[in-house]
Amino acid sequence: MQPPPDRPRAARPRVAIVLFNLGGPDSPEAVRPFLTNLFTDPAILRMPGFLRQPLGRFVAWRRTKAASENYAIIGGRSPLLPLTEEQGAALQGALGEEIEARCFIAMRYWHPFSEATARAVKEWGAEEVVLLPLYPQFSTTTTGSSITAWNEACAEVGLSLPTRTLCCWHSDDGFAQATAAILRRAYDDARAQVPEGTKLRVLFSAHGLPETIVKQGDPYQWQVERTAEAIVEAWGLEGLDWQICYQSRVTPQKWLGPSTEEALHKAAEEKVAVLVHPLAFVSEHSETLVELDVEYRELAHKLGVPGYHRCPTQNSDPAFIAAMAALVHRVRDAGERRLCSFAGARQCPKVHSGCPHTGVKPPRAQSAKVPA
Ligand SMILES: C=CC1=C(C)c2cc3[nH]c(cc4nc(cc5[nH]c(cc1n2)c(C)c5CCC(=O)O)C(CCC(=O)O)=C4C)c(C)c3C=C
Ligand SMILES: [Fe+2]
Ligand SMILES: [Fe+2]
């Protein structure tokens, strides 16, 4: 796209697009400090600091063995950062000439942390910031926590710029269309492998969340349900058999259900093959490459599910990246501080706690502190 003739190239605004994600260990040694950062985040473990710090460290220590074994299966490190870098490069290319855009990455629990990213944004001389969480659904534990960490980092490095936030895009049409196209291709591939006469069910497997967090007003579950509906609607396949379930339970509390394990048991009983779609992730990492591709596949096999297939995540799919670019342009063109699929008829019936809409914040976060 050429710059408009009345607007010289040099006058294009310098916009920093900050991509938020969770982050993952970049070596076997990083697993424990990464988990310590995660479990001592007050948005994750909700208790006073004097209890959270020792308990969070203990839970991280307990989880290190299992998590390390999972990361060992995929080469000892998370692929999340390189894949997010690819998404950033593709998005930068897709944003066109209207703005001078540069994508930056701020991970929540491992490098690059918000503070280093805020410094890089400042050094680049950005004039505006767009925060783009790579989580389609808002949760106080993910997007909310990242926004809080970003705000703290900006205060720390003295970065104060007009900032727009794409806080929740769970039902965005471009996103739903791009995702439906990926799912349709995976479904056709799976259908060709499932024995004649056997039904195929789509399991929308979202990352789980402790129920107590949802009861405190977190809109994540509600948004997960809207995402599944939007994808099914965008696809438009009549009579599609589909179900939502929740994976990745990591603490003993009661988490959202039904779990993906329960959904597999049901599929086995009903002799239905499954195509698992990772609903809350837009890139591959341990939860897709190990949990879905190894652990649940083994379980499905053991239970006698007549077929187990997995839909890939979006990664740098061009239609998905184009949808993200359109969101960035929309939030800027609208002149809003944030853009959210909550608008109009899709208003969330629950308290939108922790979201920048209401100004209600998740428990005060502190920037991750454990060094490499
Ligand atoms: C109480 C613990 C956790 C909550 C709540 C939680 C919410 C949550 N997480 C994601 C996305 C990701 N989580 C990832 C890994 C991961 N998550 C937890 C714990 C909670 N997550 C742990 C302990 C781990 C580490 C891996 C493990 O031990 O199993 C990742 C992947 C990181 C990587 O491999 O690179 C993502 C992404 C969402 C969307 C979410 C709630 C909405
Ligand atoms: Fe929102
Ligand atoms: Fe998680």
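These legends cover close-up views of a predicted model.

**View 1. The residues around ligand 1.**
The shell around ligand 1 holds 24 residues. Of these, G24, A67, S78, H285 and S286 come nearest. The largest share comes from α2, with 3 residues.

**View 2. The make-up of the ligand 1 shell.**
Sorted by class, the shell around ligand 1 has 12 nonpolar residues and 10 polar ones. Another 2 are charged.

Domain 1 spans 9–171 + 318–346, and domain 2 spans 180–310. Both give residues to the shell, so ligand 1 lies between them.

**View 3. The packing of α9 and α10.**
Two packed helices are described by the angle between their axes and the distance between the axes. Helix α9 covers residues 260–270 and packs on α10 at an angle of about 30°. The two axes are 9 Å apart. Angles under 35 degrees count as roughly parallel, so α9 is roughly parallel to α10. The crossing of this pair is right-handed.

**View 4. The contact residues of α9 and α10.**
From α9, the residues in the contact are T260, E261, L264, H265 and A268. They meet Y296, L299, A300 and L303 in α10. By class, the residues of this contact divide into 6 nonpolar, 2 polar and 1 charged.

Conventions. Residues are numbered from 1 along each chain as its sequence is written. Chains are lettered from A and ligands numbered from 1 in the order in which they are written. This is a predicted model: local features need pLDDT of at least 70, side-chain atom pairs count only at pLDDT 80 or more; totals for chains, interfaces and linings use all residues. A residue is near a molecule or strand if its C-beta atom, placed from the backbone, lies within 6 Å of it. Helices (H or I, at least four residues) and strands (E, at least two) are DSSP runs, numbered from the N terminus. Ala, Val, Leu, Ile, Met, Phe, Trp, Tyr, Cys and Pro count as nonpolar, Asp, Glu, Lys and Arg as charged, and the others, Gly among them, as polar. Domain bounds come from an automatic or database domain assignment. Axes are lines fitted to C-alpha atoms, for helices over the stretch in contact, and angles run from 0 to 180 degrees between N-to-C directions. Angles under 35 degrees count as roughly parallel, over 145 as roughly antiparallel, 65 to 115 as roughly perpendicular and the rest as oblique. A crossing is left-handed if the near helix is turned anticlockwise from the far one by less than a right angle, and right-handed if clockwise. Two residues are in contact if their C-beta atoms, placed from the backbone, lie within 7 Å.
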